[in-house]
Amino acid sequence: FLQGAAVTVPIVAIATSAGLSIDGAWAENAKALSPSTLKTLVRMARDIYPHDSLADSYYITAVAPWDDKAAKDPAVKTLLEDGVKNLDQIAKAKHKQSYIEVGWEDDRVSLLRAIEPSDFFKKIRKDLEVSLYNQPSVWPKFGYEGPSAEYGGYIHRGFDDIDWLPKS
């Protein structure tokens, strides 16, 4: 976790300042995965965990470590590349275009539902739970103030901070 968190902040800073988006050139420097695979993974991340208030840069930051994992482990590379290839084949059969080109989110989600039982989908969803939501720069967007142990726990930090309930 600590090692990953140290890498996350600089990537988000660079991604945010560069105005990165799913269809940008950020994926061209990939080590192991094809740029189209990385871009598809970002689109998948957005469709699996949709947050309109989050910029693409947060999703890119969540997906970027898979390229390093794929460079170190051929099994991970095969899982990701073949998973995206299969998803694109399903999309082309149903919509005559690749997954990332399918314009409607509902249509992409139905494609994801078709692969939901696959090891590929399970890995993506599980890894995103950590890689997306464990970015300290994302926390304020959801109202999370961060860990509280060093402040004496939530009883002293955040326990009764809610301001959206009417006072009785």
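Tutor: Buried means under 20% relative accessible area, exposed means over 50%, and partly exposed lies in between. The model discussed here is predicted.

Student: Is Asp 107 buried, exposed or partly exposed?

Tutor: Asp 107 sits in helix H6. Its relative accessibility is 27%. That value falls between the cut-offs of 20% and 50%, so Asp 107 counts as partly exposed.

Student: Which residues does Asp 107 touch, not counting residues up to four places away in sequence?

Tutor: Asp 107 and Lys 94 are 13 residues apart along the chain, and their C-alpha atoms are separated by 9.5 Å. Contact means heavy atoms within 4.5 Å. With residues up to four places away in sequence left out, those that Asp 107 touches are His 95 and Val 102.

Student: Where is Lys 96, and is it buried or exposed?

Tutor: Lys 96 lies in the loop between H5 and helix H6 (105-115). Its phi is near 65°, a positive value in a residue other than glycine. The relative accessibility of Lys 96 is 70%, and the cut-off is over 50%, so Lys 96 counts as exposed.

Student: Which elements make up the protein chain, from the N terminus on?

Tutor: The protein chain has seven helices and zero strands. Read from the N terminus, its elements run α-α-α-α-α-α-α.

Student: How are H5 and H7 oriented to each other?

Tutor: Two packed helices are described by the angle between their axes and the distance between the axes. Helix H5 (residues 74-95) and helix H7 (residues 119-131) pack at an angle of about 110°, with their axes 9 Å apart. Angles of 65 to 115 degrees count as roughly perpendicular. H5 and H7 are therefore roughly perpendicular to each other.

Student: Which residues make the contact of H5 and H7, and how do they divide by class?

Tutor: H5 contributes Leu 79, Leu 80, Gly 83 and Val 84, while H7 contributes Asp 119, Phe 120, Lys 123 and Ile 124. Gly counts as polar, and Asp and Lys count as charged. The residues of this contact divide into five nonpolar, one polar and two charged.

Student: What is the orientation of H3 to H4?

Tutor: Helix H3 (residues 56-63) and helix H4 (residues 65-72) pack at an angle of about 20°, with their axes 5 Å apart. Angles under 35 degrees count as roughly parallel. H3 is therefore roughly parallel to H4.

Student: Which residues make that contact, and what are their classes?

Tutor: From H3 come Thr 61, Ala 62 and Val 63, and from H4 come Pro 65, Trp 66 and Asp 67. By class, the contact of H3 with H4 has four nonpolar, one polar and one charged residues.

Student: Which residues is Tyr 133 in contact with, leaving aside its neighbours within four places in sequence?

Tutor: Tyr 133 is found in the segment after H7, and at 28% relative accessibility it counts as partly exposed. Tyr 133 and Ala 62 are 71 residues apart in sequence and 8.5 Å apart in space, C-alpha to C-alpha. Neighbours within four places aside, Tyr 133 is in contact with Tyr 49, His 51, Leu 128, Trp 139 and Phe 142.

Student: What percentage of the residues of the protein chain count as buried?

Tutor: The accessible surface of the protein chain comes to about 10100 Å², of which 56% belongs to carbon and sulfur atoms. A residue counts as buried under 20% relative accessible area. Of the 168 residues of the protein chain, the buried share is 38%.

Methods. Residues are numbered from 1 along each chain as its sequence is written. This is a predicted model: local features need pLDDT of at least 70, side-chain atom pairs count only at pLDDT 80 or more; totals for chains, interfaces and linings use all residues. Side-chain values use heavy atoms; hydrogens and water are left out. Axes are lines fitted to C-alpha atoms, for helices over the stretch in contact, and angles run from 0 to 180 degrees between N-to-C directions. Helices (H or I, at least four residues) and strands (E, at least two) are DSSP runs, numbered from the N terminus. Angles under 35 degrees count as roughly parallel, over 145 as roughly antiparallel, 65 to 115 as roughly perpendicular and the rest as oblique. Buried means under 20% relative accessible area, exposed over 50%, partly exposed in between (1.4 Å probe, protein chains only). Accessible areas come from the Shrake-Rupley method with a 1.4 Å probe; for residues, only the protein chains shown count as cover.
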